[in-house]
Amino acid sequence: MEIKDYDQAERIIRRTLSHQPGHSALQAQLARILEARAQPFDAVEAYLAAAQRDSKNPKLWMAVLQAALQAQDYPNARTAGETLFSISPTPGATRGLIDAYRHLGRPDLAAEVLATCLSRWPKDPQIDMARGELCLAAGQLADATSAFQRTEATDSTGALPAASVWVATLNKDQSRLQALSSDPQKRFQARKAQAQMMVRGGRMADGLRQALAANTEFAPDLQIDSAPWIEAYIEIARTMA
C-alpha cells in the first residue's frame with residue numbers, strides 16, 4: 001500500500017469513527033495503519049481504545065501489549081499484560097508482562113509473576129526465556145545460561161533465536177556464534193548479545209559501538225529501530241551501578 005492509500009484509508013476510518021466511536025474493529029484497523037506508517041505511540045493509543053471498548057477480547061489486549069513493547073511504552077504494556085493475565089493468560093503474554101515490569105524497575109513483580117508461571121507452564125520456552133532475561137538483568141549469569149539452555153531445548157519451532165545466541169555468548173562459544181551467523185536474525189541477536197556483555201564488563205564505549213554497528217548493518221533488512229539499543233544500555237548501566 002502506498003502512502004496516499006494509507007492517507008485515504010486513515011481519513012475514511014477516522015470519519016467513520018466520528019459517527020461510530022464505539023467500533024472496536026475499526027479502531028484496531030486504524031492502529032494497524034498507524035503501525036504501518038511508523039507512528040508507534042499513536043498505534044498504541046488506537047489499540048488501547050479498541051481494547052477498552054471490547055474489554056474481554058484477548059486478541060485486542062495482546063495487540064496493545066505487543067505494540068506498547070515495540071514502542072517502549074511500558075506503562076501501557078503493563079496495563080495490557082495485567083489485563084491478559086487476568087482474563088486469558090498465555091506464556092507469550094506473560095513474558096510480555098514480565099518484560100514490562102522489568103523495564104519499569106519492578107523486578108519484584110516480575111519475579112512474582114514468573115514464580116506463578118513456572119508452576120503453571122513448567123516447560124514452556126517463553127517462560128524459560130523470560131526467566132533468562134530476568135536473571136540476565138539481575139547479573140545472575142549462571143542462572144540465565146541455564147534458563148536459556150532450557151529455552152533452546154524446548155523451542156521446537158525456533159521462534160526464540162535469541163536463546164541460542166545467549167547460550168553461545170554466555171558460554172563464550174565463538175565457533176557456535178560463527179555457525180549462527182548464517183541467519184541474519186541470529187547474527188543480529190549475536191551482535192546485540194556481544195554488545196550487552198561488553199557493557200556488563202565495563203566496556204561501555206565498545207558496547208555502544210558494537211550496538212550501533214549492528215543496527216547500521218541489519219536495520220534495513222530486519223526493520224530494527226535504533227531507539228531500543230540506547231534504552232537497553234541505559235537499563236544495563238543502571239543495573240550495574
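**Salt bridges, cores and helix packing in a predicted model**

A salt bridge joins the side chains of Arg106 and Asp108, with a nitrogen-to-oxygen distance of 2.7 Å. The model examined here is predicted. Arg106 is partly exposed, at 31% relative accessibility, and Asp108 is likewise classed as partly exposed, at 43%.

In total, the structure holds 6 salt bridges. Another of these links Glu82 to Arg78, whose side chains meet at 2.9 Å, N to O. Both residues belong to helix 5, where they stand 4 residues apart, so about one helical turn separates them. Glu82 is partly exposed, with a relative accessible area of 32%, and Arg78 is also partly exposed, with a value of 26%.

A further salt bridge is formed by the side chains of Glu133 and Arg95, at 2.6 Å from N to O. Because Glu133 lies in helix 8 and Arg95 in helix 6, this pair ties together parts of the chain that are 38 residues apart in sequence. Glu133 counts as buried, since its relative accessibility is 18% and the limit for a buried residue is under 20%.

Asp124 is buried but takes part in no salt bridge. The nearest side chain of opposite charge to Asp124 is that of Arg95, 8.7 Å away; this separation does not qualify as a salt bridge, because the cut-off is 4 Å between a side-chain nitrogen and a carboxyl oxygen. When neighbours within four places in sequence are left aside, Asp124 is in contact with Pro91 and Thr154.

Nonpolar residues were considered next. In soluble globular proteins, nonpolar side chains tend to be buried together. The largest nonpolar core of this model comprises 29 residues, of which Ile13, Leu30, Tyr47, Trp61, Val64 and Leu65 touch the most other members. Two or more residues are given to this core by each of helix 1 (3–19), helix 2, helix 3, helix 4, helix 5 and helix 6 (91–103).

The buried residues of helix 3 are Ala43, Val44, Ala46, Tyr47, Leu48, Ala49, Ala50 and Ala51. These buried residues pack against three elements of the structure, namely helix 2 (24–36), helix 4 (58–70) and helix 5 (74–87). Tyr47, one of the buried residues of helix 3, is also among the members of the largest core that touch the most others.

Finally, the cysteines were inspected. A disulfide is a covalent bond between the sulfur atoms of two cysteines. The count of disulfides in the model is 0. Cys117 is buried, with a relative accessible area of 0%, and Cys135 is buried as well, with a relative accessible area of 8%.

Terms used:
Residues numbered from 1 in each chain as written. Predicted model: local features only at pLDDT ≥ 70, side-chain atom pairs only at ≥ 80, totals over all residues. Heavy atoms only, no water. Buried < 20%, exposed > 50% of the residue type's maximum accessible area, 1.4 Å probe, protein only. Contact = heavy atoms within 4.5 Å. Lys, Arg positive; Asp, Glu negative; His and termini not counted. Disulfide = S-S within 2.5 Å. Core = buried A, V, L, I, M, F, W, Y, C linked by side-chain atoms within 4.5 Å.
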